Amino acid sequence: MPTPGLHGYTSPWQRPEHADLAELARTFFTKEVLPHAARLAEQGHPDRAHYLRAGELGLLGLSVPEVYGGGGGDFGHEAVLLHEQTYTGETSLGLAVHSGIVTGYLVAYGTEEQKRRWLPGLCSGELVGAIAMTEPGGGSDLQAIRTRAVRDGDDYVVNGSKTFITNGHVADLVILAVKTDPALGAAGTSLLVCEVGDANRGRLLDKIGLHANDTAELFFDDFRVPRAHLLGGEGEGFALMMRQLPQERLVIGVGAVAAMQRAVELTVAYAKDRTAFGKPLIGHQNTRMVLAECATRTRVARVFTDDCVARHLRGELDAATAAMAKSWLTEGQCEVVDRCLQIFGGYGYTTEYPIARMFADARVQKIYGGTNEIMKELIARAL
Ligand SMILES: Cc1cc2nc3c(=O)[nH]c(=O)nc-3n(C[C@H](O)[C@H](O)[C@H](O)COP(=O)(O)OP(=O)(O)OC[C@H]3O[C@@H](n4cnc5c(N)ncnc54)[C@H](O)[C@@H]3O)c2cc1C
């Protein structure tokens, strides 16, 4: 059944194969992962078995070429997967990072040897990927990172720490932003692919939402990384990140729209069922007006997102448009979810109702992937 307000709408870039993928993903999340949601939230990280199962079903590395074990698709396939994950309410697997970002870096910048070493494992779920840019001293100012990598023979020796790293507790492979030459600022930044272990892991951070997905600290103490694991050239890290960030921001936008659709759908159903003053909530004018506004905002958001996905598929998504998508869609998500929660009354504040968890989960969308303030800077610079 389509989301209320999205009747008759299909994303112009979608093809019949996307519907089959959506069905497969929805069934996996609903039948195999969501039954464990409470336990996963309690443990604070996903089950490795669910990554392996996703790999077995062909849901990991959808946009990775088949020769490296992937699905041979494109960003449209990843967008369908991420939409379904949020739309079904699954939040444990860090697929937005694992599939939406990490495999993309390796496909775009990896050497043949690097691709053969890591992509098959990322596609099967035997490896889980993360990307670590943010440091305790700051996340917005990426040029100011301090984690240092010094050449020593055939290795780099890495010292420093990262924080707020999605998948940080379970990841085996971390794309790490380091300084190889601090004197050069941004031009002294490089990316190293690190095969990490428990010795690198710090605290699993206790968050207000997204309880089933791990966000962790990472530490590097004279940690040796072969020079062959440098991604791109030395000093190219900042430029490579800037090139990939539009996709990372679009990935966040795709999740935002899926959450808006889910919020509207859950709330319309509740408002039809719950009565007050002798009639269903949806019979009261204010409820009708709020839901009409939320449904309209969601539809506009979906159309804008589809335009961004289509642009990205054509290789034309620029940084400012991606920043518009990330900031406007996540602000829309927070607003729509908040207004929907209000319609649930007291029940909306209890965690047994999904809308309450969606409210807590939504908040970080305005913070990570570059804060919305930084997004507005990027938009303004392009005006
Ligand atoms: C759940 C979660 C998951 C995350 N996952 C990852 C991950 O996988 N990898 C990763 O590298 N990072 C990750 N992050 C980190 C995230 O990207 C950073 O938190 C974010 O970029 C902001 O950095 P900061 O927290 O250091 O805030 P700061 O940079 O200290 O900013 C604090 C405030 O100041 C504002 N501000 C800063 N500079 C300016 C400016 N020039 N103009 C106006 N306002 C400004 C910011 O917008 C913000 O409101 C994650 C964070 C969270 C909470």
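Predicted model: local features only at pLDDT ≥ 70, side-chain atom pairs only at ≥ 80, totals over all residues.
Residues are numbered from 1 along each chain as its sequence is written, and side-chain values use heavy atoms, leaving out hydrogens and water.

**View 1. Helices α1 and α3 pack together.** Here you can find α1 (residues 16–33) and α3 (residues 48–56), whose axes are 12 Å apart at an angle of about 150 degrees. That makes α1 roughly antiparallel to α3 (angles over 145 degrees count as such). Look for F28, E32 and V33 on α1, and for H50, R53 and A54 on α3: these make the contact, meaning heavy atoms within 4.5 Å. Three of these residues are nonpolar, one is polar and two are charged.

**View 2. Helices α7 and α9 pack together.** The axes of α7 (residues 237–273) and α9 (residues 319–343) are 8 Å apart, at an angle of about 20 degrees. This makes α7 roughly parallel to α9 (the term covers angles under 35 degrees). Their contact residues comprise 17 nonpolar, five polar and two charged.

**View 3. The ligand is surrounded by 19 residues.** The closest are T134, G139, S140, T371 and E373. Now zoom in on single atoms. An N or O atom in the E373 side chain is 2.7 Å from a ligand oxygen. A backbone N or O atom of M133 lies 2.8 Å from an oxygen atom of the ligand. For T166, a polar side-chain atom lies 2.8 Å from a ligand nitrogen.

Note on methods. Axes fitted to C-alpha atoms, helices over the stretch in contact; angles between N-to-C directions. Helix = DSSP H or I, 4+ residues; strand = E, 2+ residues; numbered from the N terminus. Parallel < 35°, antiparallel > 145°, perpendicular 65-115°, else oblique. Nonpolar A, V, L, I, M, F, W, Y, C, P; charged D, E, K, R; others polar. Near = heavy atom within 4 Å. Polar contact = N/O pair within 3.5 Å; in protein donor to acceptor, adjacent residues only side chain to side chain.
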